[in-house]
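This report covers strand pairing and a few single residues in one protein model. Please look at the sequence and the structure before reading on.

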Amino acid sequence: SPTHPLTFASPFSSVVLHAGEQGDMDVAADDVQIGGTESVSIAAENVALETGWNQPVLVDGGGLGVDALSLSGTSLNSGDIVGGLKLESVHGIEIETGESGGVQGGGALVAEVRSSTQLAGRRVVFDCQAGGGVRPRTLS
């Protein structure tokens, strides 16, 4: 027998609850908010978040964690002591600081590595503005 949706309606909007034949449930409305005074837990074999084309998924608050990776408003950290952190892209990776941002002022980008650093590619380019310079430096 076909299922019939349950609709809660007001003059301003409506919410439709639809129970499927396989035990699934759909909730449809213009805006849906889920909240708890202490915590909200969503658990399933698969969880998918989808937005409209070119629309963000926003996480407000303390940050986002996935396994050993954590992301906050200002940092991306890996707690994986074996694999570290790997940034990989088919089209390249660009790291950019703002005009007034950066660690040492003036939009500086500082890379600090405890053991060794390797830059490799068909073409590796270091550019600087007039009056600047690129110089190797060995720290003792």
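The sections below go through the basis of the model, the strands, and then selected residues.

## Basis of the model

The model is predicted; local features need pLDDT of at least 70 and side-chain atom pairs count only at pLDDT 80 or more, while totals for chains, interfaces and linings use all residues. Residues are numbered from 1 along each chain as its sequence is written, and side-chain values use heavy atoms, with hydrogens and water left out.

Strands are DSSP runs (E, at least two residues), numbered from the N terminus. Two of them count as paired if DSSP finds at least two bridges between them. In general, the strands of a sheet pair through backbone hydrogen bonds, either parallel or antiparallel.

Strand 2 (residues 14–19) and strand 3 (residues 25–28) run antiparallel and are joined by four bridges. Five residues lie between the two strands of the hairpin, where G23 takes a positive phi near 85°.

Three strands form an open sheet in the order 4-5-6, with antiparallel pairing. Its edge strands are strand 4 (64–66) and strand 6, each of which pairs on one side only. Neighbouring strands of this sheet are turned by 15° against each other on average, direction ignored. For such angles, axes are lines fitted to C-alpha atoms, and angles run from 0 to 180 degrees between N-to-C directions.

Strand 5 (residues 69–71) is joined to strand 6 by three bridges, and the two run antiparallel. Within this sheet, L69 stands opposite S78 in strand 6.

## Loop residues with positive phi

N54 sits in the loop between strand 3 and strand 4. Its phi is near 65°, a positive value in a residue other than glycine. N54 counts as exposed because its relative accessibility is 61%.

D67 is placed in the loop between strand 4 and strand 5. D67 is also a residue other than glycine with a positive phi, near 50°. With a relative accessible area of 82%, D67 is exposed.

## Cysteine 128

C128 lies in the segment after strand 6 (76–78). Its relative accessible area is 44%, so C128 is classed as partly exposed. Leaving aside neighbours within four places in sequence, C128 is in contact (heavy atoms within 4.5 Å) with G133 and V134.

How values were computed
Buried means under 20% relative accessible area, exposed over 50%, partly exposed in between (1.4 Å probe, protein chains only).
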